[in-house]
Amino acid sequence: MDPVSLQLGTKNLHGYLVRLLSRNLGWLDAKVKLFLPSVDLGSGYQALDPTQRVILQLQKLHAQGPTTWKSFIQCVCMELDVPS
């Protein structure tokens with residue numbers, strides 16, 4: 001992202017990430033299974049509002065520590081249409 005986007009603050013970046021992933025739920029589910037194979041993404045997740053579902057999955061990924069979080073964010077940047 002450009003410096004102006006970074007100056008908007010992490011709250012705006014988090015909101016952007018949630019909106020982006022809400023449009024790519026299948027992709028997110030696959031990445032959560034890759035990074036957190038023991039997490040059950042059964043009907044409980046499927047029944048959630050897409051935004052809530054993304055937020056919960058991001059919280060689980062972030063809770064795994066900086067290495068997992070950085071790897072996940074790199075996948076987002078490399079595989080999804082993220083503006084530069």
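Helices here are DSSP runs of H or I with at least four residues, numbered from the N terminus. The model in these views is a predicted one.

**View 1. Trp-69 and Phe-72 sit on one helix, H6.** The two residues are three apart, or about one turn of the helix. Their ring centres lie 5.8 Å from each other with the planes at 40°, so we call this pair tilted. Trp-69 comes out as partly exposed because its relative accessibility is 21%, while Phe-72, at 0%, counts as buried.

**View 2. Trp-27 of helix H3 pairs with Phe-72 of helix H6.** H3 covers residues 25-35.

**View 3. Four rings make up one aromatic cluster.** Its members are Trp-27, Phe-35, Trp-69 and Phe-72. Searching the whole structure turns up three aromatic pairs.

**View 4. Helix H5 meets helix H6.** H5 runs over residues 50-63 and H6 over residues 66-79. Their axes come within 6 Å and cross at roughly 130°, so the two helices are oblique to each other. On the H5 side, look for Leu-58, Leu-61 and His-62; on the H6 side, they meet Thr-68, Trp-69 and Phe-72. Sorted by type, the contact has four nonpolar residues, two polar ones and no charged ones.

Technical notes:
Residues are numbered from 1 along each chain as its sequence is written. This is a predicted model: local features need pLDDT of at least 70, side-chain atom pairs count only at pLDDT 80 or more; totals for chains, interfaces and linings use all residues. Side-chain values use heavy atoms; hydrogens and water are left out. Axes are lines fitted to C-alpha atoms, for helices over the stretch in contact, and angles run from 0 to 180 degrees between N-to-C directions. Angles under 35 degrees count as roughly parallel, over 145 as roughly antiparallel, 65 to 115 as roughly perpendicular and the rest as oblique. Contact means heavy atoms within 4.5 Å. Ala, Val, Leu, Ile, Met, Phe, Trp, Tyr, Cys and Pro count as nonpolar, Asp, Glu, Lys and Arg as charged, and the others, Gly among them, as polar. Rings of Phe, Tyr and Trp (its six-membered ring) pair if their centres lie within 6.5 Å; planes under 30 degrees apart count as stacked, over 60 as edge-to-face and the rest as tilted. Buried means under 20% relative accessible area, exposed over 50%, partly exposed in between (1.4 Å probe, protein chains only).
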